[in-house]
Structure formats: structure tokens, C-alpha cells
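Please look through the sequence and the fold below before reading on.

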Amino acid sequence: MSISDLFDIAISRLEVQENKAFNPKYGVGAYRYDGTFCLFGGMIEENYYDTKMDAHQDDAGAFVDRKPVYDTSVLAAIQASTGINLLDSLTAEDIEIIHGIHDVKWQPGHSFKALLPAEVSAKVWS
């Protein structure tokens, strides 16, 4: 599987959802929530996903900001699931741009790919 295949599959999975992955308890997007997933969450096979990836609490139960995708176990889980290390083709900044599109810009019923900046698209589909 190539990086472009991975993104094509993940985007097609994402775009058929009626809702985006959003955790209302914390008011933030999630890798997975209530049967939905973000683009990256959809790249992870079930046996590599851990609910701690979406944890927005510290040990005392207080809300904490989610770490950047590149600074979590998410990329390792994607690599274990697909054999693809996203950092071989994309920069950490590219990954955060893609992640932010799900949280801020993308809405169900719209094209996710159309929201990607041209320079990021070129890296994925070159």
C-alpha cells in the first residue's frame, strides 16, 4: 500500500460518516468517538487503537489539551496497522495541518481532499 492509497481509503471512509468524530464532553475532535473517526483514527486497525489516544484528561480527571499527532502513539499505531510511516513523506507540520482540517474545517457531506493545501496534496498524491 502506498501513502496515496492509504489516504484515499481513509478519506473515503471519513466522507461516508454522517457525523464527525467529536467528543462533546471536552468540546474537541477525537480520533474515534461513538462509532466515528477522524482521518487518522480511521487509518488505525482496531487491534492497534487504544482509547488513551483520545484521552483528554490527566490523572486527576482534569481536561488537558491533546498533544500534536506527531507527539503521540497515533503515528506508531498507523504504521503498525498499515506499514506506512507518515513522517517518511510528510512533515510534522503537514500532519498537524491535515489533523486540524478535520477538527476545524471539514464537515460531513463535503470533500476532505478539497480542503487540503496544494503543497500537502502534492506530497500525498505525487
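The model is predicted, so local features are described only where pLDDT is at least 70 and side-chain atom pairs only at pLDDT 80 or more, while totals for chains, interfaces and linings use all residues. Residues are numbered from 1 along each chain as its sequence is written, and side-chain values use heavy atoms, with hydrogens and water left out.

Leucine 86 is in contact (heavy atoms within 4.5 Å) with Ile3, Leu6, Phe7, Phe40, Met43, Leu75, Ile78 and Ile95, not counting residues up to four places away in sequence.

Helix α3 can be examined by itself. Its expected span is 1.5 Å times one less than its number of residues, so the 14 residues of α3 (residues 92-105) should span 20 Å, and the end C-alpha atoms, 19 Å apart, agree with this. The buried residues of α3 are Asp94, Ile95, Ile98, His99, Ile101 and His102, and what covers them includes α1 (3-15), β4 (36-37), α2 (74-82) and α4 (118-124).

Turning to the rings, Phe, Tyr and Trp (its six-membered ring) count as a pair if their centres lie within 6.5 Å, with planes under 30 degrees apart called stacked, over 60 edge-to-face and the rest tilted; by this rule there are two aromatic pairs. Phenylalanine 7 and tryptophan 125 have ring centres 6.1 Å apart and planes at 75°, so this pair is edge-to-face. Because phenylalanine 7 lies in helix α1 and tryptophan 125 in the segment after α4, the pair ties together parts that are 118 residues apart in sequence. Phenylalanine 7 is buried at 0% relative accessibility, whereas tryptophan 125 is partly exposed at 22%. A charge sits over a ring if NZ of Lys or CZ of Arg is within 6 Å of the ring centre and within 35 degrees of the ring normal; lysine 113 lies over the face of tryptophan 125, at 4.1 Å from the ring centre, and arginine 32 over that of tyrosine 49, at 4.6 Å.

Two loop residues complete the tour. Glutamine 17, in the loop between α1 and β1 (22-23), counts as buried at 9% relative accessibility, and a polar atom of its side chain lies 2.9 Å from the backbone nitrogen of phenylalanine 37. Glycine 41, in the loop between β4 and α2, is buried at 0% relative accessibility and touches Tyr31 and Arg32, leaving aside residues up to four places away in sequence.

Key: Helices (H or I, at least four residues) and strands (E, at least two) are DSSP runs, numbered from the N terminus. Buried means under 20% relative accessible area, exposed over 50%, partly exposed in between (1.4 Å probe, protein chains only). A polar contact is a pair of N or O atoms within 3.5 Å; within protein, one must be able to donate a hydrogen and the other to accept it, and residues adjacent in sequence count only if both atoms are side-chain atoms.
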